[in-house]
Amino acid sequence: MSTTASALRKPVAWRRVALHAGCVAALLVMLYPLAWLLATSLKPANEVIASLNLLPSHFEWSNYKTAFDGVNDVSVWRLLGNSLLIAGGAVLGNVISCSLAAYAFARLRFRFRGPLFAFMIATIMLPHHAVLIPQYIIFNKLGMVNTYWPLILPKFLATEAFFVFLIVQFMRGLPRELEEAARIDGCGPFRSFFLVILPLTRPALITTAIFTFIWTWNDFFTQLIYLFSPEKFTLTLALRSFVDASSTSAFGPMFAMSVIALLPIVLFFLAFQRFLVEGMASSGLKG
């Protein structure tokens, strides 16, 4: 009997070993680009392109010194501040506007609510590039080109249908008895939203904030269209300057600045990852 039990346990143990080995291998594959980025940021200029070795022959710390000096007489701290300003404004705009729009679709009764919600969901399939030219014409006529307004102002108009949908799904799971009790106490729709619904929607709001921050921070194309002056550049735009500044591209400092630009995203994600998982699991987006 014991021989049979041990024979049955052996395949299970080998399957676990194979599963763990596969997970470790997948983890190494996913972490290799990050390791390559860190190693390349410390490589001398002649090894960035020519050498296939992961580790440099010697560490070139001057790459980080050049990166911190900035580009076009603009320091990396100014570039970092510009990026934080745009990303912070986008996060604030999406959290406020998308939560208000989601509350209207999830809780309020009004005519054409269903068709309007379906139309909003359909805009998720609309490519960003299809509306870029009309938006540019509008902002150009308003005199907002080469300012941060085209990058922040649309976020306050609930233009991100994905986040509205995410928060709607979360709000639909909240018991209506809470609002009814608030209404009996004399709360109107706005007070019910701010005092009852909004605090309970924190996981979905933090999920919205995380995705908005990451997407806005990494957005290169839209910033390239609207920003011309070097003092208004973000870290994402500054990376291009290391390639275009001279005939010999400074790849080492460019990868060093890439590491600097990656740190805020990693820290922001690590700080709020628990709420991200909770928000995705309770917003109807489970796999």
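Good morning. The model is predicted, so local features need pLDDT of at least 70 and side-chain atom pairs count only at pLDDT 80 or more, while totals for chains, interfaces and linings use all residues. Residues are numbered from 1 along each chain as its sequence is written, and side-chain values use heavy atoms, with hydrogens and water left out.

I begin with the fold. The protein chain holds 14 helices and 0 strands; helices are DSSP runs of H or I with at least four residues, strands are E runs of at least two, and both are numbered from the N terminus.

The chain has 287 residues, and 39% of them count as buried, meaning under 20% relative accessible area with a 1.4 Å probe, protein chains only. A contact means heavy atoms within 4.5 Å. Among contacts between residues at least 6 apart in sequence, 71% join residues at least 24 apart.

I turn now to the cores. A nonpolar core is a set of buried Ala, Val, Leu, Ile, Met, Phe, Trp, Tyr and Cys residues joined through side-chain atoms within 4.5 Å. Which residues touch the most other members of the largest core? They are Leu79, Phe213, Trp217, Leu227, Leu235 and Met257, out of 42 residues. Helices that each supply at least two residues of this core include α4 (76–107), α11 (202–218) and α14 (251–281). The most comes from α14, with 10 residues.

Consider Trp217. Leaving aside residues up to four places away in sequence, Trp217 touches Leu80, Ser83, Leu84, Ala87, Leu235, Thr236, Ala261, Pro264 and Ile265.

Finally, a second, separate core has 24 residues, among them Ala106, Phe170, Phe193 and Val196. Thank you.

Notes. Buried means under 20% relative accessible area, exposed over 50%, partly exposed in between (1.4 Å probe, protein chains only).
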